[in-house]
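User: Please take a close look at the pockets in this structure, and at one residue of the opening helix along the way. I would like one connected account.

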Amino acid sequence: MAVRMRLRAFRLAAWLGWQMESNWTDPWLFAVYSIIKPVSSALILVVMYYVVTGGQTQGDLFAGLYVGNAFFMYVGQLMFGMSWVVMEDREFFRTFKYMYLAAPSIYWYLTGRAVAKFLVTSLAVAVVLGFGTAFLDLPLALGAVRWGYLAAVLALGILACVAFGLLMAGIMVISARHGQGYAESFAGVLYLLCGVVFPLDVLPAPLQPVGRAIPFTYWIEGVRRALMGRGMSPSLAGVDDGAILAILLLSSLATLAVAVLFYAWMERIARDRGLIDQVTEH
Amino acid sequence: MLEELERNLRAVRARAYVRVVGTFRELSWVAFEIAMPLLSVGAYVFLYRALGAPERYIGYVLLGGAMTAYWLNVLWSMASQFYWEKQSGQLEIFFITPVSRMSILAGMAAGGMFMSTARALGTLVLGSWLFGVQYRMEGIWAGLGIFLLTLAALYGLGMVGASLFMMYGREAWHTANLLQEPIYLLSGFYFPVRALPRWLAAAAGIIPITLGLDAIRQVVFPGAVDGLLDPGLEAALLAVSCAAYFVLAHAALRKLEDLAKREGRLTLRWQ
């Protein structure tokens, strides 16, 4: 019964999230909107690469950074999607307290609200990869993709995204309204530490162990191996595909456990201080 | 006349005060608005290093990263601010206050500049130290002058945006969201804007940061010969756009306030 109620909360939260994400405009404009942002983000890297290399995009480094950047969109979007719900429901719609009264589990509600972001981001990732293949000589061939490995890596990576989203949601519960950029800032740090657009080995030595402790490092490496047959970081070259998967599984589960505990702790602070229904202005 | 001026100046101060005080009340912003953005800019620094780019590109990225603070502030705390105020029920209070709307917007801009400068300075100073960025010291004052012109024009554009967004519902949020990465790309936040097709770079000049960044880079970084236009000309264009945006903001505000009243949108929430 409890499981059914939680799944119902998840489903309804997903439906609500989709409505809020998409029904502010017509479907055509929504599709354009969903694509322009990620393509622009990818093009920033492309132009940076072009400026230095004089227009070359054939190298392994380019393919690695392009694919890494495309999939990293999930991190930013899911973290933002889950954490911004707290701010939006609490500050603008003033419904966050009712979610505590109505939803059987706030975790399932927050995760459900991120489903719309997942769907939109999946479309964006597909478009960015298609664009790269069509116009930038990205060496991707559907026949060469290891689909089973990709599915396993992708699922675990999404689990890690949910865990980090919950961590950010915990911070939002006790933050004032201008926490809007928090998820983005945090995603930026992960973007640096996980070697998303450059090999991990380029990072200063003290930062490399930090990067190796974050699940997204293995996620992005695994996605590159599944799509292109090779990774980008020499320091991970000695780790075989099975080990990448195992490390990703363990680190994602560990992050999720920490995130649940952290959210519960922040929630307790928020209840103590009467912050669950606070409204802040600036 | 003097009394009216004084009242408006007090409104500017009052609206700015909230943001200045707010900056010091939520100390989490030190981590999220200074330290973390610096690290995310670091990703582009390491990418340039991995590619073996000329050293001045590190400075370009850092300056662009610092300027994102202002662009985000203009988008989220200027242009879409009247939308937020509408959502929280404060817009009508602003509108019945016996001061010019421009004074309220000017106060928002002043407070916003204060908040953003804290973040931008953090990124620039810490980043320059961490990544060993070299500056042409003789170009610093000219760079500062162009920077101030850029800010004036940019916040003028933000005021135009505020008047347009006043009409919007949730589209305001999505429009502001849409104007992040595409503008980072078009304005050359992380690379010389001359790398874009000439017509596209020229069109992007409508955003003051495009010209401002390009001009500042040319005067403060040694060996920066990859500018779009002469920095003097860019400064002149910024001065013109500054005046144009203020006039446009004033006109747009009156026109759209009138329209919003007729269509009953000023107090319409959650749509």
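Predicted model: local features only at pLDDT ≥ 70, side-chain atom pairs only at ≥ 80, totals over all residues.

A:L12 belongs to helix α1 of chain A, which covers residues 2-22. The chain brings A:G112 back towards this residue: 100 residues separate A:L12 and A:G112 along the chain, yet their C-alpha atoms are 7.5 Å apart.

The largest pocket has a volume of about 470 Å³. Its lining is made up of 17 residues, and those closest to the centre are B:L63, B:L121, B:L124, B:L144 and B:F147. In chain B, four helices each supply at least two lining residues: α3 (56-79), α6 (101-131), α7 (140-165) and α11 (208-220). Of these, α6(B) gives the most, with 6 residues. The lining of the largest pocket has 14 nonpolar and 3 polar residues, and no charged ones.

The second largest pocket has a volume of about 350 Å³. It is lined by 15 residues, and A:F10, A:T111, A:I158, A:L159 and A:V162 lie nearest its centre. Two or more lining residues come from each of α3 (60-92), α5 (106-113), α6 (115-135), α7 (147-173) and α11 (241-273) of chain A. The largest share, 4 residues, is from α7(A). By class, the lining of the second largest pocket has 14 nonpolar residues, 1 polar residue and no charged residues.

Note on methods. Residues numbered from 1 in each chain as written. Chains lettered and ligands numbered in written order. Heavy atoms only, no water. 1 Å grid on protein atoms, 1.4 Å probe; cavity = no way out; pocket = protein on both sides within 12 Å on 5 of 7 lines; lining within 4 Å. Points joined across faces, edges and corners; volume = space filled by probe spheres on them. Nonpolar A, V, L, I, M, F, W, Y, C, P; charged D, E, K, R; others polar.
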